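Here is a guided walk through one protein chain, written for someone who would rather look at a fold than at a list of numbers. Keep the viewer open as you read.

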Amino acid sequence: MLECPLVLKYWDFLGENRMQLSSVSRRKFLQSAGILSLSSISLDSTVHPFIASEEIDVSHHRVRLKNLPDSFEGFKIVHLTDIHHSKFVSFNEVFRMVELANRQSPDVVLLTGDYITWSKKFIAPVAEALRNLKSRFGSYAILGNHDMRVDAEGITQALETAQIKVLRNSAERIDFKGDSLWIAGVDEYSYGQSDIPKAMREVPLSQPRILLAHNPEIVSQATCHQVDFVLAGHTHGGQIKIPFMRSLNVVTQPSQDFLEGFVRNGNTQMYISRGLGKVVIPVRILCPPEIPVFYLQS
């Protein structure tokens, strides 16, 4: 049985104060919502099936890219985002994410930020778990807003030590059978540190332009700079989706129009993953964690 009077009271509050909340910063909202703890919630999924299980949804998608070199036809990308290793997401859960990613036999693993939530003490463990990622052409990562807030340099160093290349307004080239595929990545958009021109400086216009960006609000800028495909996260897909009520993310980020899945802006296609972790409230409702798998096609 679901017994969470604090949650119900909190959602009643949201319903009565929507206009006021639209002007409240996400950070202040998260601090206020921090009173909700796992001890205040007990779940019985047979009585309340809308409480999502912890099973990770591995979704499969085909992505068409102009000028895709022949050698990269069918190239398989596994996308991990918003792991949020913290008191809400254990090391064992992170390791299970890694194992599931490896089970997809990826050609490359792309990570789009928020590896931790609030504390530096989780940096080393999450990097150690991610060290076990396996793919033909390695792993590439960017930082998210939580990473930037806690310790951007520390997380960058930990990931690099774990053999994960961190792209901070930069790009790397993958070479295969005489052909090349570029992966670019930018720093966090909400911190004003994203620099797409710098990230794309070496990427030829004649090549597919793939961009890792934590925050999907960057999509308009990506279109202006002729980016073909953006991989993003940040939204958690809403995380909390109670029927007839607004999702947690729409309240905390009222300017965010899209929460998950494919979005097209001009010639730019973007995929927003629901991600893997949890923040604010240690549950997902009607919003299971996700590992997207992309197959590139010309």
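Predicted model: local features only at pLDDT ≥ 70, side-chain atom pairs only at ≥ 80, totals over all residues.

Residues are numbered from 1 along each chain as its sequence is written, and side-chain values use heavy atoms, with hydrogens and water left out.

**The chain as a whole**

The secondary structure comes to nine helices and twelve strands. Here helices (H or I, at least four residues) and strands (E, at least two) are DSSP runs, numbered from the N terminus. Of the 298 residues in the chain, 58% are buried; buried means under 20% relative accessible area, exposed means over 50%, and partly exposed lies in between (1.4 Å probe, protein chains only). The chain exposes about 13,100 Å², and carbon and sulfur atoms supply 51% of that area. Such areas come from the Shrake-Rupley method with a 1.4 Å probe, and for residues only the protein chains shown count as cover.

Among contacts (heavy atoms within 4.5 Å) with a separation of 6 or more, residues 24 or more positions apart account for 75%. The structure holds zero disulfides, a disulfide being a pair of cysteine sulfur atoms within 2.5 Å.

**The nonpolar cores**

In soluble globular proteins, nonpolar side chains tend to be buried together. A nonpolar core is a set of buried Ala, Val, Leu, Ile, Met, Phe, Trp, Tyr and Cys residues joined through side-chain atoms within 4.5 Å. The largest one has 36 residues, and those with the most contacts inside it are Leu80, Ile83, Leu111, Tyr115, Leu130, Leu133 and Leu159. Elements that give it two or more residues include strand E2 (76–80), helix H4 (91–103), helix H5 (123–130) and strand E12 (290–297). Helix H6 supplies the largest share, six residues. Apart from this core lies another, of 23 residues, with Val63, Leu65, Leu167 and Ile174 among them.

How far does H6 span between its end C-alpha atoms? Helix H6 (residues 145–161) spans only 21 Å, whereas a straight helix of 17 residues would span 24 Å at 1.5 Å a residue; the expected span is 1.5 Å times one less than the number of residues. H6 bends by about 110 degrees at Asp151, the bend being the angle between axes fitted to the seven residues ending there and the seven starting there. Buried residues of H6 include Met148, Val150, Ile155 and Leu159.

Strand E1 (residues 57–64) holds Val58, which touches Leu100, Gln104, Ile291 and Val293, not counting residues up to four places away in sequence.

**Single residues to look up**

Most residues other than glycine have a negative phi, and most peptide bonds are trans. Ser105, in the loop between H4 and E3, has a positive phi near 50 degrees. His234, in the loop between strand E9 (229–232) and helix H9 (248–252), has a positive phi of about 75 degrees. Just after H6, Gln163 also takes a positive phi, of about 70 degrees.

The accessibility of several residues is set out here.

| Residue | Relative accessible area | Class |
|---|---|---|
| Cys224 | 65% | exposed |
| Ser105 | 54% | exposed |
| Val58 | 22% | partly exposed |
| His234 | 3% | buried |
| Ala213 | 1% | buried |
| Cys287 | 0% | buried |

Finally, Ala213 lies in the loop between strand E8 (209–212) and helix H8 (219–224). Its contacts, leaving aside neighbours within four places in sequence, include Thr112, Ile142, Val186 and Val230. Ala213 and Ala184 are 29 residues apart in sequence and 8.9 Å apart in space, C-alpha to C-alpha.
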